[in-house]
Amino acid sequence: MRAIVHPQFGEPTDVLDVEEVEIPEPGPGQVRLRILLSPIHNHDLWTIRGTYGYKPELPARAGTEAVGVVDALGDGVEGLEVGQRVATGGTFGVWAEYVVAPAAGLIPVADALPDEMAAQLVSMPFSAISLLHSLDLTAGDWLVQNTANGAVGRMVAQIAKARGIHVLGLVRRQSAVDELAQQGISNVVSTDGDDWREKAAAIVDGGRVVAGVDSVGGSAANDVLSLLSENGTLVIFGSMGDATLELSAGDIIFRQATVKGFWGSVVSKTMDAETRSALFGELSRYLADGTVTLPVAATFALEDVRDAAAASFSPRVGKVLLRP
């Protein structure tokens, strides 16, 4: 079978290649999936660079989320059938024609859900709804987030709106404000204008900003922190711009702010089954009625993975997908 492999850490556009490898056999408690579609996430690209929290042994496979069809069952697997379509968000090496995955972590996909949506079901949407769940926000509260035009940012805004939570979004260019408006996402401010703080204050209009989410790092993290109300919480979700945080001691002290990290893969693994099931049920409803949308920017063949990685680095709306 064909699989994406990188012999060393580096820029995905330089180190990724397709190789012929043996088709894996499922062991006890495992299933083999025939992959249909897989998205390219930022954490996939960071892993290939060797800069993520998980660092695989080299040469390494790539990819962590996919929708596929159960192709073979290992011993002791119950509740799944050959030919059944399932999604996985925590299986490493899914940029391939086939992959072996633990049966317990697979999520059956409803027939009505297109492959393009099912391929993105777990990682970003579940991270977004888990993030909101962890903040214990209630209807009427305000949340501020940067990279509001990113995949998770869009989903946070959509899910929060359905829950009655207000979201102030920060972006770095005015064109992104217009893009989000076309998707029905409002209350967004571009920080490239000198008066962005005044615009942000006018949107919140004296409301209580309970939490903030930073996915950029550097001074952008402090922009979010500076908008929090007293006793607010700043959550560090990512560091797309700068891995070093520049936070004002005064803002932390006088706002009595809490700063903490959020790593979706760990949160998902440690979440109790009842809560996990309830959140996936809520997500399914939002996807079915169009509350949450999962646009696709482009789809590439495995052989074009370097072009796919380049497309993922470019401004776009929606995920870049790989099709074996």
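This is a predicted model: local features need pLDDT of at least 70, side-chain atom pairs count only at pLDDT 80 or more; totals for chains, interfaces and linings use all residues.
1. The buried side of α6 (residues 174-182) is made up of A176, V177 and L180. These residues line one face of the helix, because their directions, seen down the axis of α6, fall within an arc of 105°. An α-helix has 3.6 residues a turn, so residues three or four places apart point the same way.

2. Among the elements that cover the buried residues of α6 are α5, β9 (166-171) and β10 (188-190). Just after α6 comes G184, with a positive phi of about 85°.

3. The largest nonpolar core has 43 residues, and the members touching the most others are L137, L143 and I159. At least two residues of this core come from each of β3 (30-39), β4 (66-73), α3 (115-118), α4 (123-135), α5 (151-162), β11 (209-214) and α11 (273-289). Helix α4 contributes the most, with 7 residues.

4. Which residues does L137 contact, leaving aside neighbours within four places in sequence? They are L132, L143, I165, V210 and A211. Apart from the core described above lies another, of 27 residues, including I40, V77, V94 and V305.

5. Not counting residues up to four places away in sequence, T47 touches H6, F9, Y52, Y54, P56 and F92.

How values were computed:
Residues are numbered from 1 along each chain as its sequence is written. Side-chain values use heavy atoms; hydrogens and water are left out. A nonpolar core is a set of buried Ala, Val, Leu, Ile, Met, Phe, Trp, Tyr and Cys residues joined through side-chain atoms within 4.5 Å. Buried means under 20% relative accessible area, exposed over 50%, partly exposed in between (1.4 Å probe, protein chains only). Helices (H or I, at least four residues) and strands (E, at least two) are DSSP runs, numbered from the N terminus. Contact means heavy atoms within 4.5 Å. The arc is that of the directions from the helix axis to the C-beta atoms.
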